[in-house]
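Student: I am new to this structure and would like to go through it by question and answer. Please show it to me.

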Amino acid sequence: MPAATPRIQERVDALRELLHHHAYRYYVLDEPEIPDAEYDRLFRELQDLEARHPELVTADSPTRRVGGKVLEGFAKVRHKVPMLSIRTETDIEASGARSFDARMRRELGLSESDPPVEYVAELKFDGLAINLRYEHGVLVQAATRGDGEIGEDVTQNIRTIGQIPLRLNPLPEGERGKQEGSLSRGRERAGVRAVPDVLEVRGEVYMRRDDFERLNEQQREKIARGAKGEKTFVNPRNAAAGAVRQLDPAIAHQRPLSFFAYGWGEVTPPERGGPVFDTHFQFLQALRAWGFPVSPRTRLATGAEELVAYHQAVGRERDSMPFDIDGVVYKVNSLALQKKLGFVTREPRWAVAHKYPAQEQMTTVEAIDVYVGRTGKLTPVARLAPVFVGGVTVTNATLHNEDEARRKDVRVGDTVIVRRAGDVIPEVVAVVPEKRLHKARQFTMPSHCPVCGAEAVREEGEVDYRCTGGLFCSAQRKQALLHFAQRRAMDIEGLGEKLVDQMVDGNVIRTLPDLYRLGLNALASLERMADKSAQNLLAALEESKHTTLPRFLFGLGIRHVGEATAKDLARHFGSLDAIMDASVEELLEVPDVGPVVAESIHTFCKQPHNREVVEQLRACGVHWEEGAPAERAPKPLAGKTIVLTGTLPLLSRDEAKDLLEAAGAKVAGSVSKKTDYVVAGAEAGSKLDKARELGVAVLDEEGLRALLGGA
């Protein structure tokens with residue numbers, strides 16, 4: 001392929017300049033100068049030239065917005081400056097703004113006679129936070145927020161968003177005044193700055209409501225045509241986030257995404273030629289001048305009352321806005337004051353997110369189903385005629401429990417008011433009684449689990465019903481496996497949450513005994529499970545077969561039976577069979593076992609499927625040493641509370657705890673005036689300091705052994 005001539009190079013450069021200019025006019029200013037067809041013609045010409053002369057392709061070319069290569073996955077990006085969260089003001093009324101202003105004045109040491117604090121007030125967009133990194137004015141990386149420290153590299157997908165510039169240039173002289181004046185009231189003006197060597201811009205990728213509706217309409221048409229794997233999207237935010245995380249940039253390009261800038265991360269410092277700003281607002285103006293869209297609803301506000309006015313004004317406009325927001329954000333404008341205020345944990349002191357009340361809508365209840373959670377809790381759920389509430393299409397709403405369902409008197413066929421509590425969890429607020437059907441019947445919780453058919457019981461003093469088929473119920477399968485495998489139970493090293501998810505979702509395991517029937521081939525076929533890992537897990541399973549009765553009892557996950565109760569049961573009865581066959585009255589003879597715990601143990605043990613699982617585990621080789629029932633001698637350390645801290649020379653923390661509990665002591669996690677002893681080893685920390693402060697007796701390992709020996 002012949003090399004590009006100087007004339008071709010000039011044409012490519014001219015096309016890029018034209019396309020950058022027209023993209024800015026279209027996406028940022030919303031003032032296009034040419035028809036879409038003309039823009040498309042110029043774009044295709046540049047594409048053709050770059051295809052014939054790939055050596056001319058640059059990172060900031062407009063054609064780089066659309067990629068065709070499917071990514072293998074997203075690389076991790078460590079943020080140079082952490083992307084911190086912002087504190088949320090829980091008071092959704094006007095006083096939320098006043099309390100923030102009062103807190104800022106107090107922390108800045110201002111008196112009533114001092115002038116008011118100036119703030120930047122902006123919208124809290126309901127989208128996906130993104131960090132854009134520019135080096136020498138060219139976009140080189142885009143990353144999601146992630147956990148604030150590490151995000152995902154989504155550069156190729158971000159290139160598809162027209163409002164995000166690939167290259168930064170100062171605006172022509174005639175554009176400056178227009179941009180500065182349109183951002184806010186014009187109290188501050190920042191001239192166009194030279195682009196710093198390093199500039200990280202932070203903002204929100206979002207989807208407009210009209211774009212979201214069009215996208216969903218397209219999806220519904222695809223589904224109607226029988227397209228496989230297609231679905232409609234729940235809300236604009238999820239659609240935007242899903243587009244940004246598409247492995248194929250071509251698919252991301254099909255999703256209509258938008259962007260607003262509102263902050264920054266790493267910036268070349270002034271001492272190395274970087275920009276100098278006095279205020280947050282000046283920086284926003286510079287971002288706009290460099291080519292970024294900044295919300296025109298961003299305002300300067302002086303003092304609490306102007307924050308209140310902004311919050312109320314935006315609240316009135318919220319439903320008519322072209323995109324979703326869930327509140328507003330207030331930031332101290334002065335960068336010097338921001339630095340003085342600093343941060344607390346992972347939040348800036350100088351900013352707060354002020355949310356709005358949850359939105360409510362009316363709909364009808366089509367059915368009331370019962371959902372079984374991982375712990376066996378039964379929750380009634382109202383299935384609703386779809387309704388758009390708080391930016392989300394809601395089809396289900398929790399009724400919490402039977403008492404709550406009856407208190408609200410929710411019945412099938414009722415017209416109800418639905419609210420997204422905290423803009424997160426949909427719930428039924430109330431019934432509209434005048435629209436009730438005559439035949440509507442009151443909801444009653446089923447007597448048996450709708451998943452496994454085991455008895456559903458409601459313990460005395462509890463509001464929730466629970467399935468008693470913990471070892472058998474498929475809804476509780478993952479929780480039962482994880483509990484059984486934990487260190488204080490069967491101690492099966494290597495059996496973690498991700499592996500349990502794989503095995504259960506793939507029907508490799510249905511009940512606990514299936515663990516001990518696993519083979520190397522079945523394990524090695526699982527994702528990310530190499531032969532060595534599979535062999536290690538099989539070895540851990542084999543080792544776990546030799547255990548103790550307390551560990552086995554605790555691992556069964558009987559409700560209300562923790563480690564201490566399991567030990568008490570083992571000591572009292574001596575054998576598993578004696579526990580399984582005990583009556584409620586006999587169980588009540590165990591120290592610290594009351595009526596609720598005794599009933600829970602008895603109910604578990606009388607369930608045929610639970611007994612079957614226990615027998616299958618024993619048949620698989622799980623065993624322990626059993627002994628004679630303990631005599632009813634008093635425990636010498638009964639009533640004593642002891643705290644362990646630091647590392648003991650010979651005893652592990654678990655061994656020391658076992659010895660103390662066997663002697664009747666309560667092993668607590670924190671020191672208080674009620675603590676009798678603190679046993680301290682090497683590297684003891686704040687618990688030892690607290691013990692000395694309160695005058696609590698402190699023992700080393702030798703003192704512990706003496707205490708146990710004397711006991």
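Tutor: A term to start with: a salt bridge is a side-chain nitrogen of Lys or Arg within 4 Å of a carboxyl oxygen of Asp or Glu. This is a predicted model, in which local features need pLDDT of at least 70 and side-chain atom pairs count only at pLDDT 80 or more, while totals for chains, interfaces and linings use all residues. Residues are numbered from 1 along each chain as its sequence is written, and side-chain values use heavy atoms, with hydrogens and water left out.

Student: What percentage of the 711 residues is buried?

Tutor: Buried means under 20% relative accessible area, exposed over 50%, and partly exposed in between (1.4 Å probe, protein chains only). Of the 711 residues in the protein, the buried share is 48%.

Student: Which residues have the most contacts inside the largest nonpolar core?

Tutor: A nonpolar core is a set of buried Ala, Val, Leu, Ile, Met, Phe, Trp, Tyr and Cys residues joined through side-chain atoms within 4.5 Å. The largest one has 54 residues. Its largest share, 5 residues, comes from helix α21 (residues 595-606). The residues with the most contacts inside this core are I492, L515, Y516 and F552.

Student: How many residues are in the second, separate core?

Tutor: Its members include I161, L199, V267 and F277. The size of this second core is 40 residues.

Student: How far apart are the closest N and O atoms of E200 and R133?

Tutor: These two residues form a salt bridge. E200 lies in strand β7 and R133 in strand β4 (residues 128-135), so the pair ties together parts that are 67 residues apart in sequence. Both E200 and R133 are buried. Their closest N and O atoms are separated by 2.7 Å.

Student: Which side chain of opposite charge is nearest to E204?

Tutor: E204 is placed in strand β7 (residues 198-206). For charge, Lys and Arg count as positive and Asp and Glu as negative, with His and the chain ends not counted. E204 is buried yet has no salt bridge. At 5.6 Å, the nearest side chain of opposite charge is that of R237.

Student: Which side chain is joined to that of E204 by a polar contact of 2.9 Å?

Tutor: A polar contact is a pair of N or O atoms within 3.5 Å; within protein, one must be able to donate a hydrogen and the other to accept it, and residues adjacent in sequence count only if both atoms are side-chain atoms. A polar atom of the E204 side chain lies 3.4 Å from the backbone nitrogen of L128. The side chain in the 2.9 Å polar contact with E204 is that of Y262.

Student: Is R245 buried or partly exposed?

Tutor: The side chains of R245 and E152 meet in a salt bridge of 3.0 Å, N to O. This pair links distant parts of the chain, 93 residues apart, with R245 in the loop between α7 (236-244) and α8 (249-254) and E152 in strand β6 (residues 150-152). Because its relative accessibility is 35%, R245 counts as partly exposed.

Student: Why does A680 count as buried?

Tutor: A680 is found in strand β23 (residues 677-680). With contact meaning heavy atoms within 4.5 Å, A680 touches residues including T645, L648 and V698. A680 counts as buried because its relative accessible area is 15%.

Student: What is the phi of E683, roughly?

Tutor: Most residues other than glycine have a negative phi. E683, in the loop between β23 and α24 (686-694), is exposed, at 79% relative accessibility. Although E683 is not a glycine, its phi is positive, at about 60 degrees.

Student: Where is H400 placed?

Tutor: H400 also has a positive phi, of about 70 degrees, although it is not a glycine. At 31% relative accessibility, H400 counts as partly exposed. Its place is in the loop between β16 (392-398) and α12.

How values were computed:
Helix = DSSP H or I, 4+ residues; strand = E, 2+ residues; numbered from the N terminus. Lists of a residue's contacts leave out its neighbours within four places in sequence.
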